[in-house]
Structure formats: C-alpha cells, structure tokens
Amino acid sequence: MLYGRRYLIELGSAVTLYVVLLFGANYLERALHPTFPARMVLALTPMLGALAAASAIMRAIWRMDELQRRIQLDAIAMSFLGTALLTFAWGFAESAGLPHLRAFAVWPIMCAFWGISGIVAQRRYR
C-alpha cells in the first residue's frame, strides 16, 4: 500500500518543506526586490521540497510488493494518458475561447487523475 505511516511522514515532511520554502521565497522576493540571478534562485528554491516529495514517492514505490507496483504502474499510466488527453484537448479549446492553461495546473491535474486511476486499478485486481 502506498499510504503507509512511513510514507505519510516522509511525504508530509517534504510538503511542509515545500510550503515553508514557497512562502519564504515569496516573502524575500517582495522584501528584497533582488536582481535577476538572485530572483531566479529564490523562484526555484521551493523545488527542493518538490524534489523531496518526488523522492518520498519513489521510495514508497520501491518498498511495494509486485502487485502494488503493478497497480501503481497502471494508475500512473492512466494518469499520464488522461493528463495528456485533457491538456491536448484544452490546447485546441483555447482557440475557441477557453483561457490559457498555465503549466502550474498540470501537476494537480495529474495527481487527481492518479488518485482516480488508483481506485480503478485497485478494483481491476480484486
């Protein structure tokens, strides 16, 4: 199971780090008004938390048994395809008047599809 106690602690710590770095970087950018190189460093600082979260997810997958890995592979594949199809369709729909889809929206869309796909994949192997 992906949601073991150890995983939740690791992922929760990573997300906490991300949020602290995000708010800290935003605060420092507003307070200091840095020039380009420092502004870029500040803008990318929250990625340390995102990398920690990705690492926690991979460690959880590596700790799974073969069936759970298969379920997660199915869920990730469905998530990838669902996200690809939705963003591709959205790109065409933008020419019909929908607002521009920012890159920040892609990851939450993928996570939502991963959660839904996990339920579908889990039921498939019952």
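Colleague: How are α4 and α5 oriented relative to each other?

Modeller: Please keep in mind throughout that this is a predicted model. Two packed helices are described by the angle between their axes and the distance between the axes. Here helix α4, residues 66-94, and helix α5, residues 106-124, pack at an angle of about 135 degrees, and their axes are 7 Å apart. Angles over 145 degrees would count as roughly antiparallel and those from 65 to 115 as roughly perpendicular, and α4 and α5 are therefore oblique to each other. The crossing that α4 and α5 make is right-handed.

On the α4 side, the contact is made by Gln 68, Ile 71, Gln 72, Asp 74, Ala 75, Ile 76, Met 78, Ser 79, Gly 82, Thr 83, Leu 86 and Thr 87. On the α5 side, the residues that make the contact are Val 106, Ile 109, Met 110, Phe 113, Trp 114, Ser 117, Gly 118, Val 120, Ala 121, Gln 122 and Arg 124. Sorted by class, the contact of α4 with α5 has 12 nonpolar, 9 polar and 2 charged residues.

Taking α5 by itself, the helix has 19 residues and reaches 26 Å from its first C-alpha to its last, which is close to the 27 Å expected at 1.5 Å a residue. Its buried residues are Ile 109, Trp 114, Ser 117, Gly 118 and Ala 121, and what covers the buried residues of α5 includes α3 as well as α4.

Ala 93, in helix α4, is partly exposed, with a relative accessible area of 23%, and the C-alpha atoms of Ala 93 and Trp 107 are 20 Å apart although the two residues are separated by 14 residues in sequence. Leu 51 lies in helix α3 and is exposed, at a relative accessible area of 55%; its C-alpha is separated by 20 Å from that of Phe 113, which is 62 residues away along the chain.

Another helix pair, α1 with α3, can be set beside this one. α1 and α3 pack at an angle of about 170 degrees with their axes 7 Å apart, and that makes α1 roughly antiparallel to α3. The contact is made by Tyr 7, Glu 10, Leu 11, Ala 14, Leu 17, Tyr 18 and Leu 21 of α1, together with Leu 48, Gly 49, Ala 50, Ala 52, Ala 53, Ala 56, Ile 57, Arg 59 and Ala 60 of α3. By class, the residues in the contact of α1 with α3 divide into 13 nonpolar, 1 polar and 2 charged.

Helix α1 itself covers residues 5-32, has 28 residues and reaches 40 Å from its first C-alpha to its last, close to the 40 Å expected at 1.5 Å a residue. The buried residues of α1 are Tyr 7, Glu 10, Ala 14, Leu 21 and Ala 25, and these buried residues pack against α2 (36-44) and α3 (47-62). Glu 10 is buried, with a relative accessible area of 16%, and, its neighbours within four places in sequence left aside, Glu 10 is in contact with Ala 56, Arg 59 and Arg 63.

Further along α1, Leu 28 counts as partly exposed at 35% relative accessibility. Leaving aside neighbours within four places in sequence, Leu 28 is in contact with His 33, Pro 34 and Leu 42, and the C-alpha atoms of Leu 28 and Leu 42, 14 residues apart in sequence, are 7.8 Å apart in space. Arg 30, also found in helix α1, is exposed, with a relative accessible area of 56%, and lies 35 Å from Ala 84, C-alpha to C-alpha, at a separation of 54 residues in sequence.

Finally, α1 is followed by His 33, which lies in the loop between α1 and α2. Most residues other than glycine have a negative phi. His 33 has a positive phi of about 45 degrees although it is not a glycine, and His 33 is exposed, with a relative accessible area of 63%.

Terms used. Residues numbered from 1 in each chain as written. Predicted model: local features only at pLDDT ≥ 70, side-chain atom pairs only at ≥ 80, totals over all residues. Heavy atoms only, no water. Axes fitted to C-alpha atoms, helices over the stretch in contact; angles between N-to-C directions. Helix = DSSP H or I, 4+ residues; strand = E, 2+ residues; numbered from the N terminus. Parallel < 35°, antiparallel > 145°, perpendicular 65-115°, else oblique. Left-handed = near helix turned anticlockwise from the far one by under 90°. Contact = heavy atoms within 4.5 Å. Nonpolar A, V, L, I, M, F, W, Y, C, P; charged D, E, K, R; others polar. Expected span 1.5 Å × (residues − 1). Buried < 20%, exposed > 50% of the residue type's maximum accessible area, 1.4 Å probe, protein only.
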